[in-house]
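Here are my notes on the model, point by point. Please read them with the structure open.

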Amino acid sequence: MISRRDFLQVSMAASALVGASGFGNWARLAAQQSLTQDQLLQFDTFGNVSLIHITDIHAQLKPIYFREPEVNIGVGNNKGAVPHVTGADFRKLYGIADGSPSHYALTYNDFSSLAQAYGKVGGLDRVATVINAIRADRPDAILLDGGDTWHGSYTCYQTQGQDMVNVMNALKPDAMTFHWEFTLGSDRVREIVGDLPFAALGQNIFDAEWDEPAEDFAPYQFFERGGAKIAVIGQAFPYMPIANPGWMFPEYSFGIRDEHMQSMVDEVRGQGADLVVVLSHNGFDVDKKMAGVVTGIDVILSGHTHDALPEPVLVGDTIIVASGSNGKFVSRVDLDVRDGRMMGFRHKLIPIFSDVIAPDAEVAALIDDQRAPFKAELEEVIGQTDSLLYRRGNFNGSWDDLICDALLSEREADIAMSPGVRWGPSLIPGDDITREDIWNVTSMTYGKAYRSEMTGEFIKVILEDVADNIFNPDPYYQQGGDMVRIGGMGYRIDISKPQGERISDMTLLKTGEAIDPAKNYVVAGWASVNEGTEGPQIWDVVESHVRKLGTVTVAPNNSVVVEGL
Amino acid sequence: MDLTRRDTLALGAGAVALTVLPFRVNAAGEEAIAAFTGGADVAEGGVTLDAPEIAENGNTVPIGVSAEGASAIMLLAMGNPTPGVATFTYGELAGSTTASTRIRLAGTQDVVAIAKMADGSFAKATKNVKVTIGGCGG
């Protein structure tokens, strides 16, 4: 008798085949300049259930460029494992031809030239077309939004997330979980959630006072599809009050709470679930660990760390699907669910090439409606860039270098700090920098740029603390961001060391002198999680700086030396 | 600016204490365990210790302990200046041998629960709870 594991491995091979043929074809088709929407959407419908996953849109309604990371280091058991594989190694692993559309979509090399050839990605009007096409194959497909949806743009900030709510509602999701949404403040979150026409899920959203499940969010939702009973359990970002300002949502407590997750899985199985799906904002490595700790999960739809993987990762009998960020990808997962269990799957990570996939007219008009009141502000050109501006990567990106330069210059500081967030689209050389572009990499509800004195010792404590949030070998102690970006100071980091011993050789760049632990330095930064932070908004600081420069050129940054790989 | 700076400095003081204090295992913790067990062997397993991986607020960290068949459970924060938190005792007619409370942690450290079983044996569970200054969510 063939075991469930065998079924999964057979279907994994089939999935790889779908992926491989798709990828091979793209390369050839691109060479013929004939990549079409039908080819991107091609999928032999499988089984009796379809899941559609999109996550970490960060309020990007319109097509953008998004450069995938060059540096994405895995530690502990995840050293060298996906998603910690980048560039040529990634292409080799998945059989992706150099210069192909997949190369452009999934890796960082030659980004500027490939971006000119293949154009922008994403746009929720294009995403709508993809979702409609999948629903044409499978009318009752389940659409799941992994969160980080109501944050990250000018219009989202000005409307407190309403633009995203309006457009997402038009896509008709079935459920959603959360992270940056909470930075709108808990009152606003409850106001939106109270009117959502779909489930707001989070088994790990607890009442902070009583440490009991919060009543405003359900742990799970059942769906009857294709003759099967499907439970979708939500998992919100576990470290919300630590990574983001807890004072904005003091009523709630989070955490991984994997024991409670197990009890929820057992509960839905007890109620007859044939399939258990976790809609997660844990981050990929945390999901991977959780899949090994909690038994009975069939599918984890993984968000938060912005990884895009062309194949699911298998942990025991659980498949983990990672669907990228910023509206750049949609994952389709078809499942054969029979006799109370998952018998097989077929998967495709669909890249949203905005020049290939036709926009859905209705959603395009709805997006224009959201933007219309702000059109003049959004489109104002502040400057131009000669350099590729991007953020993603474990250490400094060129957007962050520009932001740190703005802080050093506009705030007259010795050292600048910019948070290691993973959102923020890219611009290619020759692009205008509009106000919208600046807001796309800075917009948040706690964006004030502080100016403060810190001792050299305290700066080291901050760097050590943040480094441990990324490079702690146990994923449950990682928060899923990148390293804090530093301007005006160089340092050396040995990621293999424990907290307190990773950072060395801190050097003040303007003098070349070593940082003195006892001396005070003027530090400018933004995105402080402390209540009552004062200063101008970071987007105003950056706008003023870019306006003075006119044309931005960002020199290569070699001030961080990484060791212990 | 004054508020920000004051916050930062207060934070700095806490964080510096954090780097100095907790990484040296406090001898008082080991002594308290020895006094509780009388030097007997302590087995791993049989005790459930529920604590967050990373504290949302180091000043009030929710901790739960349970051990079936325990007559007493001692809870320790090994890196605190005073490691002893509480000892919960259960009579023979106790409906359940569980307890939950909130504790203050001076910094990243191990929280330890040691259960004394009705037969006089001991079991323990340990969990490392990280206290961090936060920021930078992806």
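Which residues of chain A does UniProt list for "domain: Calcineurin-like phosphoesterase"?

1. The UniProt record, an unreviewed entry, gives residues 51-307 of chain A for that domain. Keep in mind that this is a predicted model. Over residues 51-307 the chain is 34% helix and 16% strand. The end C-alpha atoms of that stretch are 18 Å apart.

2. The unreviewed UniProt entry also lists "domain: 5'-Nucleotidase C-terminal", at residues 398-535 of chain A. Here the chain is 25% helix and 28% strand. The end C-alpha atoms are 24 Å apart.

3. Look next at a sheet in chain A. Three strands form an open, antiparallel sheet in the order S6-S5-S9. Strand S6 (212-213) and strand S9 (252-253) stand at the edges. Each has a single partner strand, so one side of each is left without a neighbour in the sheet.

4. Strand S5 (residues 206-207) of chain A pairs with S9(A) in the antiparallel sense, over two bridges. Asp207(A) stands opposite Tyr252(A) in S9(A). In general, strands of a sheet pair through backbone hydrogen bonds.

5. Now a single residue. Ser559(A) lies in the loop between strand S25 (551-552) and strand S26 (560-563) of chain A.

6. Ser559(A) touches Gly490(A) and Leu509(A), leaving aside residues up to four places away in sequence. Ser559(A) and Gly488(A) are 71 residues apart in sequence. In space, C-alpha to C-alpha, Ser559(A) and Gly488(A) are 8.9 Å apart.

Conventions. Residues are numbered from 1 along each chain as its sequence is written. Chains are lettered from A and ligands numbered from 1 in the order in which they are written. This is a predicted model: local features need pLDDT of at least 70, side-chain atom pairs count only at pLDDT 80 or more; totals for chains, interfaces and linings use all residues. UniProt positions are given in the numbering used here, feature names are shortened, and annotations may be inferred rather than shown by experiment. Helices (H or I, at least four residues) and strands (E, at least two) are DSSP runs, numbered from the N terminus. Two residues are in contact if their C-beta atoms, placed from the backbone, lie within 7 Å. Two strands pair if DSSP finds at least two bridges between them.
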